[in-house]
Amino acid sequence: MYISQLSLTSFRSYAQADVHLVPGINVLVGPNGVGKTNIVESIGYLANLASHRVSNDAPLLNFGAERALIRGTLHRGNQQTQLEVEITSGKINRARINRANPVRAREILGMVRTVLFAPEDLALIKGDPSNRRRFLDELLVTLRPVEAGTKNDYERIVKQRNALLKSIRGKSKPTTSQENTLQAWDLQLAACGARLIRGRLNVLSLLRPYMQAAYADLADGAKEASAVYRSSLEGEVDDASLPARDLETLGQEEIQELLLTAIEANRSRELDRGISLFGPHRDDLVLTLGAAPAKGYASHGETWSFALSLRLAAYRVFGDDDPRPGSGPILILDDVFAELDATRRNRLAHIVAGAEQVLVTAAVVEDVPEALKGHFFQVSPGQVVDA
Amino acid sequence: MYEGAVQELIDELGRLPGIGPKSAQRIAFHILDADAEDMTRLAASIQLVKEKVKFCEICFNISEQDTCAICRDERREGSMICIVEESKDVLAIERTRAFGGRYHVLGGSINPLAGVGPEQLHIRELVTRLADDSITELILATDPNLEGEATAVYLVRALAPLGIKITRLASGLPVGGDLEYADEVTLARAFEGRRVAGRAAAPQVAPQLPAPEPRTEVPARGKPEAGESTSDHPVDAQTQQRFVVPEMDDHRSATR
């Protein structure tokens with residue numbers, strides 16, 4: 001797939017910008033701080049309804065503006081779709097598809113598929129677990145948009161349940177009514193949480209072989225990369241009475257049972273802390289290189305290779321999910337080549353050059369590998385012109 | 001800012017649900033321009049509502065008397081109680097004319113973030129009502145959102161010991177809509193809650209085959225079999241036709 005017309009209104013540094021992107025390779029060149037990343041960030045927003053740089057929407061609005069618009073023409077196979085997302089500060093975002101009446105922004109999830117490589121990816125390896133959860137969840141939602149609802153519901157269930165735990169906290173023993181109310185939320189958390197965990201595990205099993213192959217390719221196979229889902233349930237339910245079980249082999253209903261068991265067995269601990277201690281919001285994806293965990297032990301180069309492997313694996317997973325020509329994801333390489341050594345740079349360039357659309361940002365043309373010299377755009381403050 | 005009375009009116013209107021400062025201002029100026037008699041009537045009706053309308057002592061629906069019109073109506077089926085969150089839900093179900101039983105209005109849903117627990121809802125009064133042996137079915141019609149579901153699960157747990165049949169409204173596709181426009185969650189739910197619409201080939205299609213055994217569990221619609229009289233459970237049969245509530249599957253685990 002590719003995006004041809006991209007139009008931004010009051011988005012980040014742009015009051016108004018229109019960019020005519022081409023299928024194949026697009027290179028955005030300009031000095032630091034002129035707004036190259038803002039362009040690719042807007043395309044990422046069309047795909048995930050979230051920025052890869054900030055966790056809330058406020059910084060996306062042009063300073064002082066009340067709403068921002070991202071419009072793009074998406075080409076998928078022979079299909080052409082007009083997409084529009086309106087970002088409003090403090091309100092629910094709206095989307096319009098083919099200039100129809102506005103709908104919830106969530107409706108456009110899954111239409112645009114992007115894989116973004118950015119310096120922020122280092123946090124996938126070095127950062128806290130939320131980065132890795134987000135990576136899996138974004139991939140899951142793009143592949144199966146219905147899971148966006150699961151994720152929203154789950155987040156709200158945790159909020160509700162934590163509010164309830166806090167309200168009971170400090171009392172010696174919950175009343176029967178409080179216990180029943182808690183159990184009602186336990187069931188919701190277990191059902192929705194198990195669905196989310198199962199979804200993440202499915203995504204992980206698709207990613208794993210590609211991730212390992214990509215790492216071996218980028219790092220010359222010195223060490224083996226592996227990824228294991230670490231659940232908050234670990235060590236809680238696999239005690240003597242319950243045999244150790246590999247979460248990945250379990251179905252959604254079995255995971256739900258395990259979650260419920262863990263929650264019920266740890267009632268007093270949760271009441272002491274006043275927070276929900278079990279569920280996908282406390283899980284992590286443990287990445288290891290050889291025998292050592294990647295976090296803390298991997299070198300800078302290995303960390304980069306690992307991050308790139310995860311993204312490349314996502315690219316392959318999209319390809320398997322929808323192998324029709326014209327349906328492949330848009331690849332975005334935001335300022336990554338300046339950070340990579342010559343070998344990794346050339347290998348990455350070689351792999352991504354075949355994608356249906358690639359967007360590359362770089363401060364200077366010299367940073368862009370030969371294989372990715374495509375259509376150039378010169379970016380200067382507030383505007384983008386063909387170069 | 002406007003002078004005294006006008007600003008006060010704008011402020012008061014702005015506190016109503018769904019009315020922002022701009023709308024409040026527009027309504028205030030409409031009131032200023034409008035016929036004094038009309039506005040007096042409006043003011044009087046607001047006052048009257050606050051004076052006269054109270055909640056039914058039995059079901060907590062809105063009423064002008066001690067008990068509401070539905071609870072007073074002798075023709076309503078007393079064996080079924082439909083549990084809803086708000087009075088406006090009663091109105092919504094009444095408009096369907098599909099339900100002939102009585103109601104119980106909880107006054108909200110379990111919402112810890114808003115500080116609403118079971119004690120704040122009319123659940124104790126519901127339990128008292130259920131002491132009456134003639135009640136045989138409870139229909140949970142709380143909203144199909146997280147808080148409504150939690151309330152339904154809570155009620156199942158709290159009321160299960162009473163041994164009364166409890167059903168939950170089905171969720172599925174809106175009638176008269178296009179499948180392609182249904183949102184994914186609704187569509188996925190409709191898939192999960194799908195029903196048997198027919199079994200193996202009917203005899204008319206393949207006359208050379210021996211007639212299949214009559215399947216008593218799925219009688220053909222509109223042609224009840226001769227021996228299968230519905231007279232043992234006239235109430236059940238009637239309600240099946242008028243208000244189809246599938247058995248509750250979603251919360252089977254609730255009473256595990």
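1. The second largest pocket is lined by 27 residues. Nearest its centre lie Ile97(A), Glu107(A), Met111(A), Glu180(B) and Glu184(B). The lining divides into twelve nonpolar, six polar and nine charged residues. (Ala, Val, Leu, Ile, Met, Phe, Trp, Tyr, Cys and Pro count as nonpolar; Asp, Glu, Lys and Arg as charged; the others, Gly among them, as polar.) A pocket is an open set of points on a 1 Å grid over the protein atoms alone, where a 1.4 Å probe fits, with protein on both sides within 12 Å along at least five of seven lines; lining residues have an atom within 4 Å of a point.

2. This is a predicted model, and local features need pLDDT of at least 70. Residues are numbered from 1 along each chain as its sequence is written, and chains are lettered from A in the order in which they are written.

3. Six strands of chain A form an open sheet, ordered β8-β12-β13-β3-β14-β15, with mixed pairing. (Strands are DSSP E runs of at least two residues, helices H or I runs of at least four; two strands pair if DSSP finds at least two bridges between them.) β8 (114-117) and β15 (383-386) of chain A each have a single partner strand, so one side of each lacks a neighbour in the sheet.

4. Strands β3 and β13 of chain A run parallel, joined by six bridges. Asn26(A) stands opposite Leu359(A) in β13(A).

Definitions and conventions: This is a predicted model: local features need pLDDT of at least 70, side-chain atom pairs count only at pLDDT 80 or more; totals for chains, interfaces and linings use all residues. Side-chain values use heavy atoms; hydrogens and water are left out.
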